Amino acid sequence: MKALVVRLDGVTGVLLAGPAVRAVATRADPVTVLCAPGGEPAARLLPHVDDVLVRHPPWETPGSGAVDEDALVRRLRADAYDVALVVAPGGSSPEPAERLLREARVDRLGACGDPGAEAALDPAATLGFSPRARDDGRLRVLPPPDTARLTGNGPCVVVHPGAGPPGRAWDPDRCAAAVTAPADAGHRVVVTGGPEETAQTGDAGGNTAVDPSGRTDPRRPAGVPRAADAVVTGAPGPAHLAAATGAPVVPLVPPGGPRRPHGEPSVLLDPDAGTAQDVARAVHRLLDGRT
């Protein structure tokens, strides 16, 4: 049975679809994920994903930049999927994707308008896909490659200073203090970021932290939090990626912001009120298991 899981979303959304993908894979083979460009690296990290298709969400490609949906429909028809599960991003309806899939002659459809990891399991079950008996429903990624060559050996605290919600990211001085405080407490610190964030990570890490930013392939960033005692970040994507590797997380979450990363120990901090010492104390709580 050929199955398609549709999650037109970025890293966070695609990672949250992982438990549903694993459920679908209990009876389907192969399993393909259709996602937005920003979610492709995460989709390729998910267990039991055999192929990835990429499509810009309609709201990102207005007017002349619109994706050729006819070409996508032809591709989906040629692939001849037996069943599809649609998980809509937060605040979106699954109906546009459902219409496209019907046009592509995918007759068995399940859909979910709640982007949470658990919610997608219900329509998956309706289609006949249930998690394996020992599947705990947590976020998971494929075993990442070793990063010791870039980050050094041994446990560390990872600080990801960039990619936070617009207007909510910590300023450079507070980021630098968030690196210094765990270092002063005796932790080895690694700062992470994408190729476009090397200036920011360099300012934050200074001479205190190891900085592999901009020198990793799409799979390798998952290897950095895997060895971490804790990951400190204000960005949902890195927070959920850390949780998917089993790392404890200190997410900087504004009041009313997203919930804690799915399934793993975490200590929430308000980025407006929290200080570098609060970060160090939160790391200490995670290490002591007092979450």
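User: At what angle do the axes of helix 8 (residues 172-184) and helix 12 (residues 276-288) cross?

Analyst: The two axes cross at roughly 45° and come within 8 Å of each other. That makes helix 8 oblique to helix 12. Here's how to read it: an axis is a line fitted to C-alpha atoms, for helices over the stretch in contact, and the angle runs from 0 to 180 degrees between N-to-C directions. Angles under 35 degrees are roughly parallel, over 145 roughly antiparallel, 65 to 115 roughly perpendicular, and the rest oblique. Keep in mind that this is a predicted model, where local features need pLDDT of at least 70 and side-chain atom pairs count only at pLDDT 80 or more, while totals for chains, interfaces and linings use all residues. Residues are numbered from 1 along each chain as its sequence is written, and side-chain values use heavy atoms, with hydrogens and water left out.

User: Is the crossing of helix 8 and helix 12 right-handed or left-handed?

Analyst: Look at how the near helix is turned from the far one, by less than a right angle: anticlockwise is left-handed, clockwise right-handed. Helix 8 passes helix 12 in a right-handed crossing.

User: Which residues in helix 8 and helix 12 meet?

Analyst: Contact means heavy atoms within 4.5 Å. From helix 8, Ala 177, Ala 178, Ala 181 and Pro 182 meet Ala 276, Gln 277, Val 279 and Ala 280 of helix 12. Sorted by class, this contact has seven nonpolar residues, one polar and no charged. For the classes, Ala, Val, Leu, Ile, Met, Phe, Trp, Tyr, Cys and Pro count as nonpolar, Asp, Glu, Lys and Arg as charged, and the others, Gly among them, as polar.

User: What is the angle between helix 8 and helix 9 (residues 198-205)?

Analyst: Helix 8 and helix 9 pack at about 50°, with axes 7 Å apart, and are therefore oblique to each other. Their crossing is right-handed. Cys 175, Ala 176 and Val 179 of helix 8 meet Asp 203, Ala 204 and Gly 205 of helix 9. That contact divides into four nonpolar residues, one polar and one charged.

User: How many helices and strands are in the chain?

Analyst: The chain has 12 helices and nine strands. These are DSSP runs numbered from the N terminus: H or I of at least four residues for helices, E of at least two for strands. Of the 291 residues, 49% count as buried, where buried means under 20% relative accessible area, exposed over 50%, and partly exposed in between (1.4 Å probe, protein chains only). Among contacts with a separation of 6 or more, 64% come from residues 24 or more positions apart.

User: Which residues have the most contacts inside the largest nonpolar core?

Analyst: In soluble globular proteins, nonpolar side chains tend to be buried together. A nonpolar core is a set of buried Ala, Val, Leu, Ile, Met, Phe, Trp, Tyr and Cys residues joined through side-chain atoms within 4.5 Å. The largest one here has 32 residues, and Val 21, Val 24, Val 31, Val 33, Leu 85 and Phe 129 have the most contacts inside it. Elements giving two or more residues to this core include strand 1 (3-7), helix 2 (18-24), strand 2 (31-35) and helix 11 (236-244). A second, separate core of 20 residues includes Val 157, Cys 175, Ala 178 and Leu 269. As for Val 33, if you skip residues up to four places away in sequence, its contacts include Leu 4, Val 21, Ala 43 and Leu 53.

User: Is the peptide bond from Asp 29 to Pro 30 cis or trans?

Analyst: Most residues other than glycine have a negative phi, and most peptide bonds are trans. The bond from Asp 29 to Pro 30 is cis, with omega near 5°. Pro 30 lies in the loop between helix 2 and strand 2, and Asp 29 is placed in that loop too. Asp 29 counts as exposed, at 57% relative accessibility. Leaving out residues up to four places away in sequence, Asp 29 touches Met 1, Lys 2 and Asp 50. From Asp 29 to Val 49, C-alpha to C-alpha, is 9.3 Å in space, and the two are 20 residues apart in sequence.

User: What is phi of His 48, and where is the residue?

Analyst: Phi of His 48 is near 70°, a positive value in a residue other than glycine. His 48 sits in the loop between helix 3 and strand 3 (51-54), partly exposed at 38% relative accessible area. Pro 47 belongs to the loop between helix 3 and strand 3, and Pro 47 is buried, at 15%. Apart from residues up to four places away in sequence, Pro 47 touches Val 21, Arg 140, Val 141 and Leu 142.

User: And what is phi of Arg 105?

Analyst: Arg 105 has a positive phi of about 65° although it is not a glycine. You'll find Arg 105 in the loop between helix 5 (95-103) and strand 5 (108-112), where Arg 105 counts as exposed at 58% relative accessibility.
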